[in-house]
Amino acid sequence: MDTRAVGERFGELTARREAEIPLDQAALLIAAHARPDLDLAHELGRLDALAEGCFAPTLDALVTYLFVDLGFAGNRRDYYDARNSYLDQVVTRRLGIPISLGVLTMVVGRRLGVPLVGVGMPGHFLLRDQVDPEVFVDPFGGGRLLDRHGCERAFHAVHGPDAPFDEAFMAPVGTISILTRMLANLRNIYAARADRAGVVAVLELRNRLPGASAEDRGELAAALAATGRFGEAARQYDQAGDQLGGSLGAEFHRDADRLRARLN
């Protein structure tokens with residue numbers, strides 16, 4: 001699939017009822033948007049094979065298999081390597097960040113009948129057992145199992161001992177929230193590297209997610225303009241202006257007019 005087809009497929013999948021969105025396919029499409037030659041069927045088969053190799057359909061077996069036997073681990077040496085956020089590369093390199101390792105554990109667990117949900121704790125994505133909601137998993141911490149106090153300690157390890165902890169940090173999050181967070185991580189990585197094309201690619205997918213705002217579209221327009229794609233940027237500004245309306249929407253339309261003037 002070319003980049004446009006990947007984006008369209010991503011939009012089709014994420015337009016479904018959230019419970020029906022296949023997280024494995026959506027996460028792999030994020031990777032395919034960066035590398036359109038990625039063979040999605042092959043990558044899904046690799047995930048199937050991982051599940052088939054697990055010795056028992058239990059949470060304990062799953063985390064032992066992935067994080068001890070196979071050696072999946074958090075990439076502490078190069079945390080901001082973009083490959084840490086692409087699911088196919090996580091499987092290949094057995095390295096990732098909290099959310100990508102969490103996604104891997106979730107999708108392999110689903111194949112085994114081990115139900116896990118994501119927990120969007122700020123700065124440190126975790127998993128929660130749906131059978132026993134008092135059990136949490138820290139994928140970046142080698143798959144260790146945590147209780148509520150362990151989650152709080154993990155939070156303070158990232159944010160400092162005086163940072164206020166909210167019980168809401170341990171609430172489950174849905175697939176759209178997970179995909180949004182994966183894309184936000186990539187956007188920050190590419191922005192820090194001044195990789196304008198990478199930022200555009202990520203924002204294009206972000207704007208295909210349900211709930212994308214006029215501000216999201218405006219950010220994409222600005223990123224397109226920074227790469228010299230003025231016509232596309234003007235169209236995005238106009239769509240953002242239509243979506244927002246009012247004086248702020250009018251400002252987006254003026255931005256579009258300014259870019260069109262540069263095309264003449």
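Two strands pair if DSSP finds at least two bridges between them; strands (E, at least two residues) and helices (H or I, at least four residues) are DSSP runs numbered from the N terminus. This is a predicted model, in which local features need pLDDT of at least 70, side-chain atom pairs count only at pLDDT 80 or more, and totals for chains, interfaces and linings use all residues. Residues are numbered from 1 along each chain as its sequence is written, and side-chain values use heavy atoms, with hydrogens and water left out.

Start with the whole chain. Colour by secondary structure to find twelve helices and seven strands. Along its principal axes the C-alpha trace spans about 65 × 45 × 35 Å. Of the 264 residues, 50% count as buried, meaning under 20% relative accessible area with a 1.4 Å probe, protein chains only.

Next, select the sheet. Five strands form an open sheet in the order β6-β5-β4-β3-β7, with antiparallel pairing. The strands β6 (144-146) and β7 (172-173) are at the edges with a single partner strand each, so one side of each has no neighbour in the sheet.

Now select residues 126-129, strand β4, and residues 136-138, strand β5: they pair in the antiparallel sense over two bridges. Within this pair, L127 is opposite V137 in β5.

Finally, return to the whole chain and show contacts, meaning heavy atoms within 4.5 Å. Among contacts between residues at least 6 apart in sequence, 51% join residues at least 24 apart.
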